[in-house]
Amino acid sequence: MNRRDERKLQVIELQNNYSPVAKYNPFEVELEKNGKISRKKKKIVLNKFISWTVLYIIIFIIAAMTKMFVVYEISNLGLKKIAIENRLNEVKVEVESLENTYISNYDLKKVEEKAKELGFVPNTNIKYVNISK
């Protein structure tokens, strides 16, 4: 085998083992000085990824629960407002009916008696003047 064939074989071996992604892949396994495989970097990156993912999920759940609580409280306030408005309308109707009852029960004889008590006298000498001339 000549030197040229050796080079070709070496190039072929490099191409089979070469991975362009390996340089940039954070999950890639590293070789230590003695040739043993080290998986520390992969575990650290994976742990960071999992912890950040869990953190984002917790934040999302808290935000969703807060939104649900706010929507629930707003709907309750709306229902309370409607109940208070209905009660207000009932009270208005009741006040109106009481005013009508009070006016209708206000007897004219009582008015005359009250007027006499206050010193008013009935006027029986009323003279009318015809101004249409």
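Helices (H or I, at least four residues) and strands (E, at least two) are taken here as DSSP runs, numbered from the N terminus. On that basis the protein has three helices and two strands, and their order along the sequence is α-β-β-α-α. The model is predicted: local features need pLDDT of at least 70, side-chain atom pairs count only at pLDDT 80 or more, and totals for chains, interfaces and linings use all residues. Residues are numbered from 1 along each chain as its sequence is written, and side-chain values use heavy atoms, with hydrogens and water left out.

Burial comes next. A residue is buried under 20% relative accessible area, exposed over 50% and partly exposed in between (1.4 Å probe, protein chains only). Of the 133 residues of the protein, 1% count as buried. The accessible surface of the protein is about 13700 Å², and carbon and sulfur atoms hold 62% of that surface. These areas come from the Shrake-Rupley method with a 1.4 Å probe, and for residues only the protein chains shown count as cover.

The structure holds one aromatic pair. The pair is formed by Trp 52 and Tyr 56, with 6.0 Å from centre to centre and 35 degrees between the planes, and is tilted. Rings of Phe, Tyr and Trp (its six-membered ring) pair if their centres lie within 6.5 Å; planes under 30 degrees apart count as stacked, over 60 as edge-to-face and the rest as tilted. Trp 52 and Tyr 56 are separated by about one helical turn, because they are four residues apart in helix 2. Tyr 56 has 55% relative accessibility and so counts as exposed.

A nonpolar surface patch is made up of Leu 46, Phe 49, Ile 50, Val 54, Ile 58 and Ile 62, which together have about 540 Å² of accessible area. Patches are made of residues with over 30% relative accessible area and no salt bridge; like charges are joined within 9 Å, and nonpolar side chains (Val, Leu, Ile, Met, Phe, Trp, Tyr) within 5 Å. Ile 58 lies in helix 2 and is partly exposed, because its relative accessible area is 43%.

A salt bridge is a side-chain nitrogen of Lys or Arg within 4 Å of a carboxyl oxygen of Asp or Glu. By this rule there are two salt bridges. In one, the side chains of Lys 81 and Glu 85 meet at 3.7 Å, N to O. Lys 81 and Glu 85 are four residues apart in helix 2, so about one helical turn separates them. Glu 85 is partly exposed, at 36% relative accessible area. Another salt bridge joins the side chains of Glu 90 and Arg 87 at 3.4 Å, N to O. Glu 90 and Arg 87 are both in helix 2, three residues apart, or about one turn of the helix. Glu 90 is partly exposed at 47% relative accessibility, and Arg 87 is partly exposed at 48%.

Asp 107 sits in the loop between helix 2 (40-105) and helix 3 (108-118), and is partly exposed at 37% relative accessibility. Helix 3 lies largely in the open because zero of its eleven residues are buried. Just after helix 3, Gly 119 has a positive phi of about 105 degrees.
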